[in-house]
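Please look at the structure shown here and follow the paragraphs below with it open.

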Amino acid sequence: MLLKKLTEAYAVSGDEGNVRQLIRAELEKQVEEITTDTIGNLYVKTGIGKKPRVMLAAHMDEVGLMVVGFEKSGLLKITKVGGIDDRVLVSKPVAVGNNHVPGVIGAKAIHLQKANERKKPIEIENLYIDIGVHSQEEAEKLVKIGDYVAFSAQTREVGKNCLLGKAFDDRVGCAVICELMKEDFDLELTGVFTVQEEVGLRGAGVAAYNVHPDVALVFEATSASDVAGTKEAGHVTQLGKGPAITFMDSSFITPQYMIDLAVATAEELGIPYQFRRLTTAGTDAGKISQTHEGIPSIVISVPCRYIHSPASLINLDDYYNTIRLAKGILKAIAEGGLQHEGIA
Amino acid sequence: MDSVKDFLKVICEAPGVSGYEQPVAQLIKEYISSYADETRLDRLGNLIFYKKGSGDDRPRILLAAHMDEIGFMITKIEKNGFLRFSAVGGIDPRTIIGQEIILYGKEKLPGVIGAKPPHLTSAEERGKAYEMEDLFIDLALPEERVKELVSVGDVAIIRREVLELAGSSLSGKAMDDRAGVAVLLVCLKELQKLRHHADVYAVATVQEEVGVRGATTATYGIVPDIGIAIDVTHGEMPGVPEHETCRLGKGPAITLGPNIHSQIGEKLINISKEYGIPYQIETAAGPTGTDARAIQVTRGGIPAGLVSIPLRYMHTSVELLDMEDVKLSGRLLAYFIAAVDRTFVEGLACC
């Protein structure tokens, strides 16, 4: 399964090569052109020369860690790459560097803690990666300062039609685009797999500049908080209720005509959908929409519980419905369904 | 099964929460019984491997390593099928967020431990550590299905495959004290090559993590002359004073202190020196948190010893140890057993 392969691969922001290679191999025979740029974005094209020109974007990178130093004992000191709650780091397996050296993030045994210690989260300053060596010299033979560190997790089917694993944010978006690139739409389609979204939307602006599309569709994974102890108003999105459409976040306000197009398409095709009911956080659309003289964009997301942790959860119906909805939107755009002043 | 490491990996990944040790007991029995003359279970669930010594008037030596592990017990099924749970044994709630679990309901059910998401919590809340009440198990199943498959009282464990790390290091859940059970295997294998006068009772005990209960009944039933517990001890790490820890890869830790009969501690040290086995001394100023605690005060008092494997991150899912320490511990115990005779045992009465 493509989604399993993509999520199990290691690709922390700035080190997206593994995922780039997987996608290249997946699409090589399906598309007319594959290119990359200097920052690491991957571009795949079909329908070259047709109008309108549509860009699809999803980011390849995932949150992770970086090695910043050694203890004499051989433990590795770390810093975060992207937004991770320190509290999810504890007691997890990781893979370090290009050779994927296995390691674990340990915590002081409960027996050795004072009662008041247990009331505070363990902060990253007090967390280390242990690769099993007994000295700094041994560690330096296996690991370098600056090595990227990714969570190590298998992707498994659990519960009712769900997948549990790491990096659904945003390999689920990458997988959606891979599926879309295999279809035939009557327009020029550029699938862009961006880099460094998690450290400040660094790849997407460059990509949108290079592609200069008429319109952009961004595919993401977004928080689902439909869990015990939260009221429905705080759910943001719910698992199994369909793709989530963003109307606004901290980086971007969706043009109303883009929302109308998505909603009309979903209703016509009988695809369940929901709105993302949170206006904070940002996505690649924040950069894309402000590139050149402005590029109309929309973000469609697969809801994901426990996002940015090594055990995040998505519903496969939501994933397939995101693909269906995207196909419908692309078909509508190809048929002239997106008419608005300012769109070529 | 070609090696002790493979054996340890298999039993480490198996489930055996305190009071629910049968699955791991079955595996241990399969692999160890061929090294014993007799294998039996006692009424509390302890798995006893008996290896007969040679000659008459044989002393009896008990080796105890606990096979139970810490885990979770379901306490409530919430709306929408989320499950509340309590800890079986000592668990730091801060170490279980975002962990995959396996729940043993009517079927084996995979799931994950979740918490209220960070973006819905206030900055003040984020500065606080998660407590058990904040956490829940998510099986990604509808409430009706959860109710069919799960009952209050079902147990769950963290799902973690053993990781082979650099050198001979291993990391996983339940190394505490499946590593001790692996020491039993090493010792029994070594004893095949040695002549020993003493009868050996190697016991995989139950319910250590909830109050050394298995060792209590096992010791009572066996009535040994000497009882030695095999457990894990804290390895050195930042934030913990060096004198409270042992070093990984530097050999078994031999404990001294009131819980340990001084002549047993001394003999373990002498045997290590004699056979060139590296060792470390650990001190315990009172009763230890191991099976030795129960052994010492069973019946009219049993002389106790304690051999430990240094291990970091105890009671987390990434407990880490050096396989060499496991092997060295098993060898030390085998040579110790071979050196015990009637005279030594009689000399244990304090005069």
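A:Asn161 sits in the loop that runs between strand S10 (156-158) and strand S11 (162-165) of chain A. The model is a predicted one, and its backbone at A:Asn161 has a positive phi of about 60°, although A:Asn161 is not a glycine.

B:His315 belongs to the loop between strand S16 (304-312) and strand S17 (319-322) of chain B. B:His315 has 23 C-beta neighbours inside 10 Å and therefore counts as buried.

The bond from A:Lys51 to A:Pro52 is cis, with omega near -10°, and A:Pro52 lies in the loop between S2 and S3 of chain A. Another cis peptide bond links A:Asp169 to A:Asp170, with omega about 10°. A:Asp170 is part of helix H4 (residues 168-181) of chain A.

Now turn to the sheet in chain A. How many strands form the open sheet, and in what order? There are 8, in the order S1-S2-S12-S3-S13-S18-S14-S17, and their pairing is mixed. Strand S1 (33-36) and strand S17 (274-275) of chain A are at the edges; each has a single partner strand, so one side of each has no neighbour in the sheet. Within the sheet, strand S2 (residues 42-46) and strand S12 (residues 188-194) of chain A are antiparallel and pair over 5 bridges. A:Tyr43 stands opposite A:Val192 in S12(A). Helix H5 (residues 202-211) of chain A packs on this sheet and touches S2, strand S3 (53-59), S12 and strand S13 (215-223) of chain A. The direction of H5 makes about 160° with that of S12(A).

Chain A is divided into domain 1 (2-62 + 166-334) and domain 2 (64-151). The C-alpha centres of these domains of chain A are 31 Å apart. Contacts between them involve 12 residues of domain 1 of chain A and 13 residues of domain 2 of chain A. The domain 1 side has 4 nonpolar, 4 polar and 4 charged residues.

Chain B has its own domain 1 (4-69 + 173-346) and domain 2 (72-158). Their C-alpha centres lie 33 Å apart, and 11 residues of domain 1 of chain B are in contact with 12 residues of domain 2 of chain B. In chain B, B:Met67 lies in the loop between strand S3 (60-66) and strand S4 (71-77). B:Met67 is buried, because 29 other C-beta atoms lie within 10 Å. Beyond its neighbours within four places in sequence, B:Met67 is in contact with residues including B:Gly16, B:Leu47, B:Arg178 and B:Val206.

Finally, consider where the chains meet. 53 residues of chain B are in contact with 54 residues of chain A. Which element of chain B gives the largest share of its side? S7(B) does, with 4 residues. By class, the chain B side has 26 nonpolar, 16 polar and 11 charged residues. The predictor gives the complex an ipTM of 0.89 and a pTM of 0.92. Chain B has an average pLDDT of 95, and 98% of its residues score at least 70.

Definitions and conventions:
Residues are numbered from 1 along each chain as its sequence is written. Chains are lettered from A and ligands numbered from 1 in the order in which they are written. This is a predicted model: local features need pLDDT of at least 70, side-chain atom pairs count only at pLDDT 80 or more; totals for chains, interfaces and linings use all residues. pLDDT is the predictor's confidence in each residue, from 0 to 100. Domain bounds come from an automatic or database domain assignment. Two residues are in contact if their C-beta atoms, placed from the backbone, lie within 7 Å. Ala, Val, Leu, Ile, Met, Phe, Trp, Tyr, Cys and Pro count as nonpolar, Asp, Glu, Lys and Arg as charged, and the others, Gly among them, as polar. Two strands pair if DSSP finds at least two bridges between them. Helices (H or I, at least four residues) and strands (E, at least two) are DSSP runs, numbered from the N terminus. Axes are lines fitted to C-alpha atoms, for helices over the stretch in contact, and angles run from 0 to 180 degrees between N-to-C directions. A residue is buried if 20 or more other C-beta atoms lie within 10 Å of its own, exposed if 12 or fewer, and partly exposed in between; C-beta atoms are placed from the backbone.
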